[in-house]
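Take a look at the model below.

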Amino acid sequence: MPSPIATVEVPASSANLGSAFDCAGLALGLYDEVIVRVADSGLSVDVAGEGADELPRNKRHLVVSTLRQAFAALGGQPRGLEVVCANRIPQSRGLGSSSAAIVAAIVAARALVLGGEEALDDQAALALATEIEGHPDNVAACLYGGLTLAWHSGDALQVSRLAVHPDIAPVAFIPSSRASTKKARGLLPATIDFPDAAANSARAALLPLAMTTSPALLFDATEDRIHQQFRASAMPRTAALVESLRADGI
């Protein structure tokens with residue numbers, strides 16, 4: 001009898017979209033593929049494409065460690081695992097590669113467990129992915145697709161998926177250098193001036209309208225005052241590009 005196998009394609013994603021820090025995410029048409037097979041024993045990890053020369057081939061690989069957490073949430077661990085990753089999403093470039101790995105592993109694990117989709121539905125999968133990643137924006141877009149807005153309601157994590165206006169076509173500028181998410185988040189201040197918070201709230205509220213029905217509002221909706229300026233030193237070329245584009249009205 002053949003061993004259970006799951007194949008998952010997961011998209012890259014762009015988070016924040018300017019004003020909606022840690023809540024908005026957009027799935028993009030660039031995909032990683034992860035194949036997971038339950039084996040009789042041991043662990044085998046193969047990686048091709050992005051990160052192939054540097055990612056670990058053991059339990060420290062993010063897909064493997066997430067698989068273990070997902071299987072634990074589902075009630076047990078398989079005797080062995082074979083994992084194959086075909087990576088197309090650039091690593092550490094702001095396109096959600098870690099979120100893609102996390103979501104791929106969770107979706108694969110529940111597909112390999114009888115009744116997995118009932119035991120770990122999308123909301124529970126999102127909660128687990130957010131716990132591992134630390135914030136919900138990229139993982140929500142990766143799991144649900146399209147434009148997502150994620151927020152906490154009490155202890156529960158909620159998400160809303162919106163269809164993007166057909167005239168909007170994302171263009172990704174991928175730098176040759178890498179940026180550490182941990183370092184970039186460490187540059188954020190503990191408090192924000194009230195006028196900046198109020199301005200960002202207005203623009204974050206405008207963003208879903210701009211993305212779904214009124215693309216002409218995108219320029220105002222994507223203006224940010226609470227995170228980009230503080231993180232510019234961690235990614236100076238990207239910050240300069242954004243400044244140049246916005247100076248030209250783009």
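Cys 23 counts as partly exposed because its relative accessibility is 24%. Buried means under 20% relative accessible area, exposed over 50%, and partly exposed in between (1.4 Å probe, protein chains only). This is a predicted model: local features need pLDDT of at least 70, side-chain atom pairs count only at pLDDT 80 or more, and totals for chains, interfaces and linings use all residues. Residues are numbered from 1 along each chain as its sequence is written, and side-chain values use heavy atoms, with hydrogens and water left out.

How many disulfides does a search of the whole structure find? The search finds 0, a disulfide being a pair of cysteine sulfur atoms within 2.5 Å. Cys 23 is in none; the nearest cysteine sulfur belongs to Cys 142, 17 Å away. Cys 142 is in no disulfide either; the nearest cysteine sulfur to it, that of Cys 85, is 13 Å away. Cys 142 is buried, at 6% relative accessible area.

Now the fold. The protein has 10 helices and 6 strands. These are DSSP runs, numbered from the N terminus: helices are H or I with at least four residues, strands E with at least two. The C-alpha atoms fill a box of roughly 60 × 40 × 35 Å along the principal axes. Of the 250 residues, 40% count as buried.

Last, a loop. Val 171 lies between strand 6 (156-162) and helix 6 (181-186). Val 171 counts as exposed because its relative accessibility is 65%.
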